[in-house]
Amino acid sequence: MNTIPPIKRLGTKLIIYSIITALIPIVMLGAVSTDTINTEMTKQAQEKINDDLNTAESVVNLKLDKISSLNKYIISNEKTINILKNNDTKELKTLAISYKNTSAPDFVVFFDGQGNVVARSNSDVTGDNSYEDLFKKVVNSTGYTSIEVLDKDSIKYENVGELVNIDIKGTDDSIDYSDSVQDSAMALVSIEPIYDKNGKLLGAAMAADILNKDYSIVDTVKDASKDATTIFLDGVRVSTNVQDNGGRAIGTLVSKEVYNHVVLDGKTYYGRAFVVNEWYLTAYEPIYDSDNEIIGMLFVGTPESKFLALQANVRNQTFVVGLIGLLIALIVSYLINRGIIKPLEQLKQGAEWVSNGRYDQKVIVDSDDEFGELAKAFNKMATQINISDEKLKKHAEELKTSYNELKELDKLKSELIAIVSHELRTPLTSIKGYVELVLDGTMGTINDSQKKCLQVADDNIVRLRRLIESMLDLSKIERGELEMYREKVNLRAIVCDVIEYLKPLATEKNIKLNKEVEDIAIEADKDRITQVLTNLIENAIKFSPANESILVSGVLEDEHIHLKVTDRGAGIPKKDMEKIFNRFYQVDSSTKRKKGGSGLGLAVCKSIVEAHKGSIWVESELGKGSTFHIILPISAKDQ
Ligand code: ADP
């Protein structure tokens, strides 16, 4: 069973990494393409509205050219000059009407040399100087054609109110407008002076084409570009191809922002604008009159929706590409999953079999790639482990048998030692008794050399007895038969007794035995502790040169006593410090044995100390001396 949490599984990680790897380029692609399309869209929109502006301007210029050339034709006509010269107002009126009818301006006016109206196409009123300002510009000059604003007063005799007047409708963000009706006309005006042969100014002819509600310009632009076009007189829409509620959206006012930018500051405005009922990418350009005054604006706008559609299209395509990328990433991770995770799981299963000792189970990976090779190597390894395991088991079995045999032999040895030691002890006691009888003269007088010989025999009997005692002790320890009789004893008293007992031995070498033992009571087997101390102090005497001193100290440390036996004797090499606690081990057996001893003393000491749950070790420096340490718990419950 797979115990790894799903999030930590290699398969999950692979899927996550694949998705991240796929998503990064997709997101980057999305960001780059959105940026590109935005830049491109802005560029295209700008170009488009600039084109529209140019188209609108050329249409206006075309109209201006047309009206101008017609006017020029009229005034250069000999007949016109003669009629004006003769001041034949009736003929002039007929001429004005026919001029209007053939060339289709909204009205035609003839002036005399002083700028007074002498004939007009749309009424019989004459003698006024309604167009004084326009006329002045052609006196002693040439004619001109331009876009002009003709106010209500100047056109009051032209009967064009119907063409001109537009109701004004304000909106929340539009400019404030005091008038409720736009009654001035924005018009294409051509005015040409008429001179006689001598260069005398006879008068002038003026033709005006009113742009208010005249949709020919905006519709021509629409035909060419399909986009929105509007002509503003000041801030009021007077001609447009934008539809609103079934009619043309005229009479509405421009926003303050655009008005300030274009009409007041004289700059072209580019930007988004909400026109009637949708958002446009727009341009507003100032319209100048012949005095270079801004009199209105030309607006062109292209609906933003088509660019947004393009943007959405790109976004959708990016999304689809992204989805495909993700799908591919998922398929790839699934395939990788199958190619890697499955063999890995089989190998893991194999490892579990091996760890459970099921070496005969084989991992099956039927691919010829690295995993296949790994599986083969794994199976081979399992077979080898199986063989080694069998061998090991066999060896272990053999070892066990040998161990049991050895244990049996050891037991026999122990028993033998115990029996032999026991059997030796009785005759030895008897021998010692008889030797002592002979020695102390009970059996008759003996000479000095006999005494000396018997003394040597007695010493050796003592050594032999001690050796037998040690061997008996050790065999008891080995068989777990060494019993401890714990009682409350005074440590200082034990030390004093041992020192007292060994004093003769020390005195032989003029060695001083010192003690610094605290008055401590301890629960322990008095005889065994005495045995340990005797052995240590005896060794210290044995391995100290003559005339030295030995110190036995004992202090209380927490719940333990710390005993030390320090000599300034031969010392023990570092390599032997641990080994001397082994049975029969002596540092240099050849010389040391000369000093007597069997190498069993410290082994017995160690067993006794450990039976009290204590520890024993030595610190020593060769040639300078040794200190044997013993730590013993003072209470029996800790032992
Ligand atoms: P032995 O009966 O030979 O003294 P022990 O087990 O008591 O046996 O000591 C083992 C050996 O450790 C000794 O033979 C001796 O080489 C070394 N040894 C023990 N005590 C001392 C000591 N105080 N100074 C130097 N060597 C020591």
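Visitor: Before anything else, what counts as a helix or a strand here?
Guide: Both are DSSP runs, numbered from the N terminus. A helix needs at least four residues of H or I, a strand at least two of E. Keep in mind that this is a predicted model.

Visitor: OK. Where does K613 lie, then?
Guide: In the loop between α14 and β20 (615-621).

Visitor: What's its phi like?
Guide: Positive, about 60°, although K613 is not a glycine. Most residues other than glycine have a negative phi.

Visitor: Is K613 buried or exposed?
Guide: Exposed. The relative accessible area of K613 is 56%, and the cut-off for exposed is over 50%.

Visitor: And N159, what's its phi?
Guide: Near 55°, again a positive value in a residue other than glycine. N159 sits in the loop between β3 (144-150) and α5 (161-164). At 60% relative accessibility, N159 counts as exposed.

Visitor: Switching to the ligand. Which residues come nearest?
Guide: N539, D567, Q586, S598 and L602, out of 21 residues around the ligand.

Visitor: What classes make up that shell?
Guide: Nine nonpolar, nine polar and three charged residues.

Visitor: Which elements supply at least two residues of the shell?
Guide: α12 (526-542), α14 (601-611) and β21 (625-633). The largest share comes from α12, with four residues.

Visitor: Which polar atoms lie by the ligand's oxygens, and how far off?
Guide: Take Q586. An N or O atom in its side chain is 2.5 Å from a ligand oxygen. K542 has a polar side-chain atom 3.1 Å from an oxygen of the ligand. G601 uses its backbone: a polar atom there is 3.3 Å from a ligand oxygen.

Visitor: How much of the ligand does the protein bury?
Guide: 97% of the 520 Å² that the ligand exposes when taken alone.

Visitor: Back to α12. How far does it reach?
Guide: 24 Å from first C-alpha to last, over 17 residues. That is close to the 24 Å expected at 1.5 Å a residue.

Visitor: Why call α12 largely enclosed?
Guide: Because 12 of its 17 residues are buried. Buried means under 20% relative accessible area.

Visitor: What happens at the start of α12?
Guide: A side-chain oxygen of D525 reaches to within 3.2 Å of the backbone nitrogen of D527.

Visitor: New topic. Which residues does UniProt list as transmembrane region?
Guide: Residues 14-32 and 318-336, according to an unreviewed UniProt entry.

Visitor: What does the chain look like over those spans, helix or strand?
Guide: Residues 14-32 are 100% helix and 0% strand, with the end C-alpha atoms 27 Å apart. Residues 318-336 are also 100% helix and 0% strand. There the end C-alpha atoms are 26 Å apart.

Visitor: Last one. Where is K376?
Guide: In helix α9, residues 370-439. K376 counts as exposed, at 57% relative accessibility.

Visitor: How far is K376 from K362?
Guide: Their C-alpha atoms are separated by 9.1 Å, and the two residues are 14 apart along the chain.

Key:
Residues are numbered from 1 along each chain as its sequence is written. This is a predicted model: local features need pLDDT of at least 70, side-chain atom pairs count only at pLDDT 80 or more; totals for chains, interfaces and linings use all residues. Side-chain values use heavy atoms; hydrogens and water are left out. UniProt positions are given in the numbering used here, feature names are shortened, and annotations may be inferred rather than shown by experiment. A residue is near a molecule or strand if one of its heavy atoms lies within 4 Å of it. A polar contact is a pair of N or O atoms within 3.5 Å; within protein, one must be able to donate a hydrogen and the other to accept it, and residues adjacent in sequence count only if both atoms are side-chain atoms. Accessible areas come from the Shrake-Rupley method with a 1.4 Å probe; for residues, only the protein chains shown count as cover. Ala, Val, Leu, Ile, Met, Phe, Trp, Tyr, Cys and Pro count as nonpolar, Asp, Glu, Lys and Arg as charged, and the others, Gly among them, as polar. The expected span of a helix is 1.5 Å times one less than its number of residues. Buried means under 20% relative accessible area, exposed over 50%, partly exposed in between (1.4 Å probe, protein chains only).
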